Amino acid sequence: MSHKNSRSVVLDVIRAAGTISRVGLTQATGLTGATISTVVRRLINDGLVLETGRAESTGGKPRVLLQLNQSSRFAVGVNLDHSGISYVLTNLGGTVVARMSRTGAGGDDPAVVVARMAREVDALIEGVGVDRTRMLGLGLVSPGPLTPTGGMRLTPPSMRHWEDFPLDRALEEATGFPVTLDNDATASAIGEYWSGGVGAATTFAAVFMGTGIGAGLLVNGSAYRGASGNAGEIGHICLDLEGPECWCGARGCTEAIAGPAAVVAAARADAAIAQATGLDHAADHPRSSIAADFAAVARAARRGDGGARDLLEMSARYLAVATRTLANIMDLELVVLTGPSLAIAGSIYLPVVQAELDRSFFARATHTVTVQLSRAAAMAAAIGAAATVLQSELVPLRQGLRLPSNLASSELVPARASAI
Ligand SMILES: [Zn+2]
């Protein structure tokens with residue numbers, strides 16, 4: 001293992017463990033005591049790791065415990081969407097230090113939006129007084145699909161004018177920070193893992209619903225991105241061969257049948273529901289967006305409007321079948337529902353998706369699939385974008401490494417050698 005690799009692995013084990021001794025690190029990583037000793041000394045010199053007291057030991061001298069120096073580095077996460085732009089500033093541990101939401105990209109020229117984003121990022125950083133030299137970089141997520149050159153070649157209808165715009169390079173120039181570009185669902189999955197909501201040994205998917213539907217996959221703490229960063233597109237699983245045309249060019253996609261735009265269109269088409277949700281007027285409203293209109297349907301359902309609730313439950317049944325398909329293919333243990341649309345309607349979708357997996361998941365005789373709502377569904381993509389920066393900086397090569405699931409208890413295992 002190269003030095004940079006050992007350093008990344010050690011740092012990630014310390015992060016995942018909370019506190020751990022050097023002996024614990026040798027057990028968790030398989031690296032030699034001498035390597036651990038060198039790597040840890042350099043991490044302490046760089047300010048990334050702190051010594052934090054001593055653990056009780058079974059005989060021999062007590063072990064010095066190490067932990068991440070959370071405030072030594074920071075990352076910015078940005079979620080760029082048609083209807084809104086969310087910003088978060090997180091520390092090295094993935095904890096959100098500052099957040100803000102601003103007007104979306106709308107129909108504005110991409111160059112104008114990027115210039116505004118750079119000013120907003122500056123305001124975010126200056127607002128908490130963090131030194132720019134402590135910034136690792138900026139993670140940017142958008143609905144994708146992504147191209148290797150950093151643009152969005154095949155864009156959702158609402159952002160078609162961003163087609164072929166070199167988004168990451170433009171933002172890098174405007175902010176002066178290195179920019180990592182990822183899709184919103186994958187970033188959300190990394191965010192769940194990084195913020196400690198998901199164990200390292202879990203095979204899990206974040207099912208993301210914003211304006212569209214997608215999923216991010218994590219296996220053993222590493223994102224599965226596919227050949228081009230576009231893995232997990234469950235919004236484009238076909239659920240009806242003769243179904244409506246989808247913007248992706250196919251027919252009967254989950255998103256076309258049951259995504260937020262389809263729910264909003266169905267709500268508008270029914271006079272009673274349109275009135276109950278206020279959507280009978282919303283079309284002429286200048287700030288109207290799919291996300292805002294979908295939120296209006298969800299609010300009406302929560303107020304007790306039966307028609308709105310029926311629409312969302314039907315949407316949930318389709319999403320549940322698409323999620324089951326993904327669970328069957330990946331043999332998932334856990335599904336986290338996230339994204340702005342599930343932040344507001346998640347309580348209606350959660351029981352429907354869980355029931356579908358309980359009833360029909362292929363390997364249900366072997367294990368269940370747990371479904372839960374993200375604790376930060378509304379900001380998940382931005383938080384995940386920041387986590388992507390932390391992960392790409394600290395964990396560049398993770399293939400083959402499986403973190404032990406009992407890191408905390410490894411401190412309790414009697415050491416074979418005395419403290420290093
Ligand atoms: Zn499609």
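Strands S4 (residues 74-80) and S5 (residues 84-91) pair in the antiparallel sense over seven bridges; pairing here takes at least two DSSP bridges between two strands. Strands (E, at least two residues) and helices (H or I, at least four) are DSSP runs, numbered from the N terminus. Valine 76 sits opposite leucine 89 in S5. This is a predicted model, with local features needing pLDDT of at least 70 and side-chain atom pairs pLDDT 80 or more, while totals for chains, interfaces and linings use all residues. Residues are numbered from 1 along each chain as its sequence is written, and side-chain values use heavy atoms, leaving out hydrogens and water.

Zooming out, S4 and S5 belong to an open, mixed sheet of five strands, in the order S6-S5-S4-S7-S8. S6 (96-103) and S8 (179-183) are the edge strands with a single partner each, so one side of each has no neighbour in the sheet. Helix H5 (residues 167-175) packs on the sheet and touches S4, S7 (135-142) and S8, contact being heavy atoms within 4.5 Å. The direction of H5 makes about 145 degrees with that of S8; angles run from 0 to 180 degrees between N-to-C directions of axes fitted to C-alpha atoms, for helices over the stretch in contact. Helix H6 (residues 184-194) lies across S7 and S8, at about 105 degrees to S8.

Then there is helix H3 (residues 33-45). Ile36, Val39, Val40 and Leu43 of H3 are buried, that is, under 20% relative accessible area (1.4 Å probe, protein chains only), with exposed meaning over 50%. On the other side of H3, Ala34 and Asn45 are exposed. Glycine 47 follows H3, with a positive phi near 80 degrees.
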